Amino acid sequence: MSSAATFCLCCLALWSGAVGFSGGEKKTRTGEVHSKTSEVGWPGYLYTRAEGRCTPQYWSSGSEAWPNIVPKEAAISKVFGSRVLERYEPSLTLLDATQRNDDVGGSAFAKLVKHASAALLNAYARDGFPYDSWEVKVLLLQALVSEEAAATQAEQFEQANLSCT
């Protein structure tokens, strides 16, 4: 076993012994109650989902009403234009696009439509979002030319969505 793997296993053992994997609460000497994971500041699981108000996950959760100009059930070909049919199914809706989970390790086009859909919603709903709605539409269409262009544009939309407040 490599030294890095040994180190990680040791850290995991120390962390699990100090914090415990069972979750729950712990009383301090002063009687205050703390959850075990909050003491360390770690989430307690390896992968977290972004929880910002502008992420695709946020929009797909139904936590906020969607802008009336783009209903959840709208087909992306109606919203972004018929050229998207070259890469996406005709039945793909905006809600479906924000709920996609095949963008991690999958096609750059999957990530592009997911983050472009969230960026479009943010452009309509968030003052100060760095893109206007027409820019999101044009940039998505321009990025459909290649996998590399799609990956680059998807990353830019993702960063804008993550940094939005």
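pLDDT is the predictor's confidence in each residue, on a scale from 0 to 100. The structure shown is a predicted model, in which local features need a pLDDT of at least 70 and side-chain atom pairs count only at pLDDT 80 or more, while totals for chains, interfaces and linings use all residues. Residues are numbered from 1 along each chain as its sequence is written, and side-chain values use heavy atoms, with hydrogens and water left out.

**Figure 1. Confidence and secondary structure along the protein chain.**
The average pLDDT of the chain is 78, and 67% of the residues score at least 70. Eight helices and two strands form the secondary structure; helices (H or I, at least four residues) and strands (E, at least two) are DSSP runs, numbered from the N terminus. Read from the N terminus on, the order of elements is α-β-β-α-α-α-α-α-α-α. Among contacts between residues at least 6 apart in sequence, 51% join residues at least 24 apart.

**Figure 2. The packing of helices H6 and H7.**
Two packed helices are described by the angle between their axes and the distance between the axes. The axes of H6 and H7 cross at roughly 170° and come within 8 Å. Axes are lines fitted to C-alpha atoms, for helices over the stretch in contact, and angles run from 0 to 180 degrees between N-to-C directions. The crossing angle makes H6 roughly antiparallel to H7; angles over 145 degrees count as roughly antiparallel, under 35 as roughly parallel, 65 to 115 as roughly perpendicular and the rest as oblique. H6 contributes Phe109, Leu112, Val113, Ala116, Ala119, Leu120, Ala123 and Tyr124 to the contact, and H7 contributes Ser133, Val136, Lys137, Leu140 and Ala143. These residues divide into eleven nonpolar, one polar and one charged. Ala, Val, Leu, Ile, Met, Phe, Trp, Tyr, Cys and Pro count as nonpolar, Asp, Glu, Lys and Arg as charged, and the others, Gly among them, as polar.

**Figure 3. The packing of helices H7 and H8.**
Helix H7 (residues 133-143) packs with helix H8 (residues 147-163) at an angle of about 155°, their axes being 8 Å apart. This angle makes H7 roughly antiparallel to H8. On the H7 side the contact is made by Val136, Leu139, Leu140 and Ala143, and on the H8 side by Ala149, Ala150, Gln153 and Phe157. The residues of this contact comprise seven nonpolar, one polar and no charged. Leu139 of helix H7 is in contact with Tyr131, Gln153 and Phe157, leaving aside its neighbours within four places in sequence.

In soluble globular proteins, nonpolar side chains tend to be buried together. A nonpolar core is a set of buried Ala, Val, Leu, Ile, Met, Phe, Trp, Tyr and Cys residues joined through side-chain atoms within 4.5 Å; buried means under 20% relative accessible area, exposed over 50%, and partly exposed in between (1.4 Å probe, protein chains only). Of the 35 residues in the largest core, Ile76, Phe80, Tyr88, Leu112 and Val136 touch the most other members. Two or more residues come from each of helix H3 (56-61), helix H4 (76-80), helix H5 (94-99), helix H6 (108-125), H7 and H8. The greatest contribution to this core is that of H6, with ten residues. Not counting residues up to four places away in sequence, Val136 touches Phe80, Ala116, Ala119, Leu120, Ala123, Tyr131 and Phe157.

**Figure 4. Leu112 in helix H6.**
Leu112 lies in helix H6 and counts as buried, with 0% relative accessibility. Apart from neighbours within four places in sequence, Leu112 is in contact with Tyr88, Leu140, Ala143, Leu144, Ala150, Gln153, Ala154 and Phe157.

Pro56 is placed in helix H3 and is buried, with a relative accessible area of 1%. Not counting residues up to four places away in sequence, Pro56 touches Thr98, Lys114, His115 and Ala118. Gln57, also found in helix H3, counts as buried at 18% relative accessibility. The C-alpha atoms of Gln57 and Thr98 are 6.5 Å apart, although 41 residues separate the two along the chain.

Conventions. Contact = heavy atoms within 4.5 Å.
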